[in-house]
Amino acid sequence: MDKIKVRQICFFLAALMPAAKMLVYPTTLVYRSKNDLLFSALINFALEGGIVALTMLLAKKTKMTFFELISNTFGNVTAKIVYALFALFFFGAALLPLMEQKNFVMQVMYENVPSIIAFAPFFFVCFFACVRGFKSIGRIADIALPLFILSFAVLMLLAVPHAELGALLPVRGVPLKEVLKGSLYSVNWYTDGALVFFFLGHFEYEDRAAVKVLSSYAAGCAAVLLFLALFYGVFADIAVRQQNAIAQMSKYTTSFTSLGRVDLFFIFMLALVMIFRLCIPVQVCVHCVCRSLGVKPLIPAAIVSAALFGLTLFLNYSFLELQTLFTQKLWFVFLIFAYLIPAAALLLKRGERRA
Amino acid sequence: MSEKKQTCKDNIKKLKDILVAEDILVFSFETADGAACAAVYTDGMTDKALLGEQVARPLAAERAPENAKQAAKCLQVPECKEENDFTKMAEEVLAGNVALFIDGIGGALILGLKKISLRAIMEPPSSIAIKGPREGFIEDIKTNMSLLRNRLQTPKLRFYNLVAGKQSRTKIAVGYLDGIADEKTVQKIVKKIEEIDIDGIPDSSYVGKFLAERPQSLFKPTGTTEKPDVLAAKMLEGRVAILVDGSPIALTLPYLLTEDFQGAQDYFSSPYRASVSRFLRFFGVFLSVFLPAFYVSAQLFKLQLLPFSFLLTISGSIQGIPLSPGLELFFLLLVLEILIEASVRMPKYVALALSVIGALVLGDTAVKAGLVSSSAIIIMALSGIAAYTVPDLVGTVSVLRIAYVVVAGSIGTFGVLLLTALILYYLVTSDAYGSPMLAPFAPLIARDLKDTLYKASLFALDKRPKVFRGKNKTRLKRTGKKVENGQD
């Protein structure tokens, strides 16, 4: 139930990873980095790529899960505590993207239904996905890849005619400090490495697996960078005001009068991929709770999904405050959990696998 | 067989104590030297002419045999066996065979003289072929097994013969190709059938429900076919066949959702034509499920989805319609389902009149009366027709499109996306008999895609589908090409 294949991790990185970075992330990045947004993104990608590489290195050396590695070094109780902390981390990490998606639904899909009503059933889907374990992540990645490629390619093609890539010039026009701040304040969108890290021990390391995974990660990064470049090319100075960018970039294509907003079909397709992506941190959170408490996923999945729904209700109109909190105050939490702790896993004992 | 001298009368009494029904008859006659003989049989299920010709006449011409072996030699019946257990004798008689008692011989000879009225082998109405074989299964399991054997004349074709149903005692045959089908799957199916504890099995679909790993699922638990050529082809891919006496529909396991999109004719026409047909089937199902929902959500929430000129036409046609788009389409789909249900059950000639009333009079009048819009009728009709591009999925598609319309009418496009995500999560994690239902898409099995979204040429399909995990992987050897696993 909790097995995943190397191919599916590759698809996750190539299709699901970029999908999470197409709503509010670009505007947040532009706010600090302006036309040098690609550099900020590159710094984050390099860091996250390091965690992905480290995961593959560990996978090559051991068949243990992260839980088993901690348990092997510090004992079972410590492992349970660390997993409980990670459960909290992924719970928090899931919140901002959820609110992003909720606003996206409001802005792009509805004019006349309160977004919370439309969005509420998502938590049932999420609960269902959590009960199905890692297997569902892998197999959904298989489905998501063609959907992502098709929708992303069409949307980018529709956006290209309106993009002025010269807007990205002059290169390095923004002070380095601002570029670095841009990276730091958007680190909460870079938890995919940590997600992959939790697949450790759940997949069989095969020949050239690291090359495949890192190449897929590079492909995902390239997709995001292309998107960011076109995004800035289309909107330039007003980019900072363009939340839910992916839904805005393609709508100026002139053929729409005779065809209708065909781009909406591809936006919907991409929104489906985003739904899959949103479920993953919650699935990993439930996985951590299950390992920590030694229980089956049914009840934790119900509690976690219900708690997220409750928080979404509670913070219904507080997206900006939440965004500020996550990007400007809690960045260190993301650095610790998504980068430092996984990096420290290299120091853990990789002895005999426990029964 | 016991050599203790027993009278024929005693044996008949014992058997009649078990078989008290009035249609269990006894045919009494004597051998040349006056020993009493009696044949117990079920009226209407036994070939009486053969009983007279090949059993009574030779025995009447000879002296009484001293034991069962001598008696069997004297008879001219190919299927003949000894039986001492009266319960088993009763089962044989109820199955249409004859229990023959002879004075002085204990037990009975069971003679295979079953004869029941069967319909002719004909083309199944549910899967008409323009090109390709036209024969179809009938209700008799032995005939169906012989039709299959005729297509797979190999000793590797094996059958497990089982019986299920406490009262019906229905015969079930689990057929597979040794070495090609996965042995674990075969054993699991046999075990599940052996565990069936039910009064009767009127049709193979009952067995399908017991074999289902998720009995409450909206999706089919097993593959089905009425054609021996299709069944043989599926078995050659590594599937296991389940034939049930009394049913012309054979079941196949493991079941993949994509197999319903494959038509027998795809394999007899060019791969290009077959690929176009496949695409149309996928598109047809997609259209059938999503078109009503997108129509509703486009009207309710996202008018930009529609081209401007089309939007004007629709807005003209929906003016004055009292129902909301969701309700309008929901009721129309309901009417469509009622029409389908009624036309299936009505006598043929009434059904013709009904379809005229339903489709023309009702539809036209409803539009003219301003109850529904003409565009909603078109959407409903298109969706209804498109579902029949894949007849095996009509039941599932009908339920899904109603669910989608309800969701689209209440929470719009995002609801449609959420329902799709839910269904996909369900499908990708639904494994039955070791094979994922959504294979070869999830998990992705690149090699098996050749016969799903498109149909590659015959020579490209040289390997059996990987998803079934059979030992023998090669199904086609090309001259001069080395076979990878060395198996034939």
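**Sheet, helices and contact**

Q: In this predicted model, what makes helix 4 of chain B a helix that lies across the sheet strands, and at what angle does helix 4 run to strand 2 of chain B?
A: Helix 4 (residues 86-94) of chain B lies across strand 1, strand 2, strand 3, strand 4 and strand 5 of chain B, and its course is at about 60° to strand 2 of chain B.

Q: How do you know that strand 4 and strand 5 of chain B are paired, and which residue is the bridge partner of Val98(B)?
A: Pairing asks for at least two bridges between two strands, and three bridges join strand 4 (residues 98-102) to strand 5 (residues 108-111) of chain B, which run antiparallel; the strands therefore count as paired. In strand 5 of chain B, Leu111(B) is the bridge partner of Val98(B).

Q: Why do strand 1 and strand 3 of chain B stand at the edges?
A: The open sheet of chain B has five strands in the order 1-2-4-5-3, with antiparallel pairing. Strand 1 (24-30) and strand 3 (80-83) of chain B each have a single partner strand, so one side of each is left without a neighbour in the sheet. Neighbouring strands of this sheet are turned by 25° against each other on average, direction ignored.

Q: Which elements give two or more residues to the side of chain B that touches chain A?
A: The contact takes 26 residues from chain B and 33 residues from chain A. On the chain B side these elements are helix 10 (308-318) and helix 14 (394-428), and helix 14 of chain B gives the most, with 13 residues.

How values were computed
Residues numbered from 1 in each chain as written. Chains lettered and ligands numbered in written order. Predicted model: local features only at pLDDT ≥ 70, side-chain atom pairs only at ≥ 80, totals over all residues. Contact = placed C-beta atoms within 7 Å. Helix = DSSP H or I, 4+ residues; strand = E, 2+ residues; numbered from the N terminus. Axes fitted to C-alpha atoms, helices over the stretch in contact; angles between N-to-C directions.
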